[in-house]
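Here is a short briefing on the structure shown below. Read it with the model open.

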Amino acid sequence: MAGNDKQDGLTRRGFMKALGIAGIASTGLNTGKALAQEAAGKAPSLPKRKLGKTGVEVSILSLGGMFDTLNNQLLLRQAHNWGVTYWDTAEGYGNGMSEDGFGRYFTRNPAARKDIFLVTKFRQGTAEAMTENLDKALKRLCTEYVDLFFIHGIKDFSEIAEPKPLKQWVAAMKKAGKMKFFGFSTHANMEDCLLAAAKTDWIDAVMFTYNFRLMHTDKMKQALDACTGAGIGLVAMKTQGGGPVKTDSEAELQMAGRFLEKGFTDKQAKIKAVLENPNIASVCSQMPNLTILSANVAAARDLTKLGGSDFELLHRFASETREGYCAGCGRICGDAVAGDVPVSDVMRCLMYYREYGDRELAREVYAGLPREARQKLTEIDYTNAEKICPQGLAIAALMREASELLA
Ligand code: SF4
């Protein structure tokens, strides 16, 4: 398998494809075991962890509902049965059919609502607009309250730190019984957002991009320590560490082989790596089908710890594929293009397209970016941004690709 010629490259890709199938078989091993235990009534329950100062024990695996849950009621039932009781959705997910699907589930299974830690989110607006949006979301979700509400996808804490009415709005919504807890989600400049949140007293929880590629930096460690110290509950997302570029890597082969020997796939290992940090209360994973759900449940139930050599493999893989991953440090490239294009958001769309294989979602998120930015995408000079991008991404080429694939 060594060598770099085209033949070897094709062989490697073929092998990785085979490994993908083996991966399913391997999750089948774990999943098969889990199913057998389930049938025998001996299934271990999905562990729970405390979500910071909320004091609520949440399942360590969260159902990311960025898909049509309206027509996937069986999946919701299975997630519920398997103890995946933290459910995450948002206005607009699944073309608007995610919140509706959760609502249908609660209508059909009224007793289920009390089991589920329900989270939704939307972007910040005026207090009046947000109250209206929240009321509509509650109606779609067929519930009187959400357990946790997030302002969706901030890039800088100053977006929500001021004006103060947001804090007052949160207090009013809590008082009205429409939300129990409040926080934000972030895909960009995560460390700075977390550090700023830790200095406040009104953020209960944060969902943020966190994975084997990002967990080792001093700044990320400081940010997590600060939030943990402040009692902010932490939920990790984008834990697979996929990026806008698909890459082949010898480390990936070794990593996949090594983990398969241990009985789980590299995808499961990446979830376990995040969960080995006890300060992460839950991993939010997009689980649009039963194969992914069962594999992730098996990974979350499995108590096997990753060893130092496992983390070394993950680290080597991260370093070999560095140029294919956008670390979300959007302020760096954003400043270099004078804020004209939200480069990290476009990279995320490419990640949805290539890593998730979800073209519809990629195009949907891309279409939600400012029209002016989309129009300028291929006209901007990215030379300076490329010079300072810590991941060494070929930004100009990727922006061109995004424009062709997603427009
Ligand atoms: S393109 Fe580079 S600088 Fe911009 S967010 Fe991604 S990794 Fe950071």
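Lys238 is found in the loop between β9 (233-237) and α9 (250-262). The model it belongs to is predicted. The chain holds 18 helices and ten strands. Eight of the strands close into a barrel.

**Two residues with positive phi**

- Lys238 has a phi near 55°, a positive value in a residue other than glycine.
- Lys238 is buried: 25 other C-beta atoms lie within 10 Å, and the cut-off for a buried residue is 20 or more.
- Asn189 sits in the loop between β7 and α7.
- Its phi is near 50°, again a positive value in a residue other than glycine.
- Asn189 is buried too, with 22 other C-beta atoms within 10 Å.

**The barrel**

- The strand order is β3-β4-β5-β6-β7-β8-β9-β10, and the pairing is parallel.
- From one strand to the next, the twist averages 25°.
- β3 (residues 61-64) and β10 (residues 282-286) run parallel and are joined by four bridges.
- Within this pair, Ser62 stands opposite Cys284 of β10.
- Leu63 has Ser285 of β10 as its bridge partner.
- β9 also pairs with β10 in the parallel sense, over two bridges.
- Val235 stands opposite Ser282 in β10.

**Strand β10**

- Is β10 enclosed or open? Five of its five residues are buried, so β10 is largely enclosed by the rest of the structure.
- Both faces of β10 are covered.

- Strand β6 (residues 146-151) runs parallel to β7, and five bridges join the two.
- Leu148 stands opposite Phe181 of β7.
- β7 and β8 also run parallel, joined by four bridges.
- Ser185 stands opposite Met207 in β8.

**Helix α7**

- Which residues of α7 are buried? They are Met190, Glu191, Cys193, Leu194 and Ala197.
- Seen down the axis of α7, these buried residues fall within an arc of 165°, so they line one face of the helix.
- An α-helix has 3.6 residues a turn, so residues three or four places apart point the same way.
- The buried residues of α7 pack against β7, β8 and α8 (218-229).

**The nonpolar core**

- In soluble globular proteins, nonpolar side chains tend to be buried together.
- The largest nonpolar core here has 116 residues.
- Val206, Ala236 and Cys349 have the most contacts inside this core.
- Helix α14 (residues 343-354) gives the largest share of the core, eight residues.
- Why does the core lie between the two domains? Domain 1 (22-305) and domain 2 (326-406) both give residues to it, so it lies between them.
- Cys349 is in contact with Ala362, Val365, Tyr366, Ala402 and Leu406, leaving aside its neighbours within four places in sequence.

**The chain as a whole**

- The chain has 407 residues, and buried residues make up 46% of them.
- Among contacts with a separation of 6 or more, 79% join residues 24 or more positions apart.

Definitions and conventions:
Residues are numbered from 1 along each chain as its sequence is written. This is a predicted model: local features need pLDDT of at least 70, side-chain atom pairs count only at pLDDT 80 or more; totals for chains, interfaces and linings use all residues. A nonpolar core is a set of buried Ala, Val, Leu, Ile, Met, Phe, Trp, Tyr and Cys residues joined through C-beta atoms within 7 Å. A residue is buried if 20 or more other C-beta atoms lie within 10 Å of its own, exposed if 12 or fewer, and partly exposed in between; C-beta atoms are placed from the backbone. Domain bounds come from an automatic or database domain assignment. Two residues are in contact if their C-beta atoms, placed from the backbone, lie within 7 Å. Two strands pair if DSSP finds at least two bridges between them. Axes are lines fitted to C-alpha atoms, for helices over the stretch in contact, and angles run from 0 to 180 degrees between N-to-C directions. The arc is that of the directions from the helix axis to the C-beta atoms.
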